[in-house]
Amino acid sequence: MNTIISVMLLYIFNTFHQDAYYFIAKYILEHINEFDKISIDKLAYECATSTTTINKFCKQIGIDNYKYLKNMLVNTKDGRLKQIEKRYKQFDVEQFYLRIGLKDGIEEFNACIDRVVDLIHNANKVYMVGAVYPLSLSINFVEDMILFGKKFCFEQIGFKENTINYQENELVFLITITGRIATLNKPYFLRLNTSRVKKIALSQNIMFGNIYNFDEFIQLIDTHHSEIENAIIIEIMNYIKFVYFVKYTNFCG
């Protein structure tokens, strides 16, 4: 869905250089549930920039000014949450199992997803980690989780040296189909393995469940067809959203 929230997420996702606009978008998304109370002066102060730069940012993403941005965000948030509630009240779990090809081990799969949802809920911030394309599949997931009140950010591995500055109360959510990213960026993953941050992996490669000791490992089915596997990633992330929605939001009656 094309919303003002997704536009800002795409801006953050596609920005390798963290300029003033990056920090403005990041701050807005991290404070979206109280954004209607944040003045342009406060936003400028928190982002160490000027009100002029904020209005330039608004024009950069196709909006006339800050006041209009605030109105759009409030309306988008309320409308999006109603759409999510309606969709998930009609969610067919059995059809989901068929779409991802899950026939055996359904109970174990659901137990894993339930633990993943708890880790997301308990984390102060969630880092979506991976190469560019797999991470792009998570944008819709991140958009809705932000609306549920969670802080998310993207960390693309492989185009620059990545440092390990995660806090113990944060969460790393890795998406990689083959797991090749760990071989190509071994120093990062060795440091990650010794850090105290919680870790989730969504992958076909079982090394994340044993060698790298991820807290939770969601194993993807190897279909030998990349487009099908990409669709399965999206389906599983939608299911995680659904379980989170039912368990931890007040929208589902």
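In this predicted model, the protein chain carries 28 positive and 28 negative side chains. The centres of the two sets lie 5 Å apart. The accessible surface of the protein chain amounts to about 12700 Å². Carbon and sulfur atoms account for 50% of that surface.

The protein chain contains twelve helices and five strands. Its radius of gyration is 19 Å, close to the 18 Å that the globule rule gives for 253 residues, so the chain is as compact as a globular protein of that length. The C-alpha trace spans about 55 × 45 × 30 Å along its principal axes. Of the 253 residues, 51% count as buried. Contacts between residues at least 6 apart in sequence were also examined. Of these, 69% join residues at least 24 apart.

Helix H9 covers residues 139–147. Eight of its nine residues are buried, so the helix is largely enclosed by the rest of the structure. The buried residues of H9 include the charged-type side chains Glu143 and Asp144. Ile139, Phe141, Val142, Met145, Ile146 and Leu147 are buried as well. Just after H9, Gly149 takes a positive phi of about 100°.

One is Ile32, in the loop between helix H2 (20–30) and helix H3 (40–46). Ile32 has a relative accessible area of 5%. Buried means under 20%, so Ile32 is buried.

Leu81 counts as buried, at 10% relative accessibility.

Thr53 belongs to helix H4 (residues 51–60). The side chain of Thr53 makes a polar contact with the side chain of Ser50, at 2.9 Å. Thr53 also touches Ala20, Tyr21 and Ile24, with residues up to four places away in sequence not counted.

Backbone angles were considered next. Most residues other than glycine have a negative phi. Ala48 has a positive value, near 55°. Ala48 is found in the loop between H3 and H4. With a relative accessible area of 75%, Ala48 is exposed. Asn213 likewise has a positive phi, near 55°. Asn213 is found in the loop between strand E4 (198–203) and strand E5 (216–219). Its relative accessible area is 48%. Exposed means over 50%, so Asn213 counts as partly exposed.

How values were computed. Residues numbered from 1 in each chain as written. Predicted model: local features only at pLDDT ≥ 70, side-chain atom pairs only at ≥ 80, totals over all residues. Heavy atoms only, no water. Helix = DSSP H or I, 4+ residues; strand = E, 2+ residues; numbered from the N terminus. Polar contact = N/O pair within 3.5 Å; in protein donor to acceptor, adjacent residues only side chain to side chain. Contact = heavy atoms within 4.5 Å. Rg over C-alpha atoms; globule rule 2.2 N^0.38 Å. Buried < 20%, exposed > 50% of the residue type's maximum accessible area, 1.4 Å probe, protein only. Areas by Shrake-Rupley, 256 points an atom, 1.4 Å probe, with all protein chains shown as cover. Charge placed at Lys NZ, Arg CZ, Asp CG, Glu CD.
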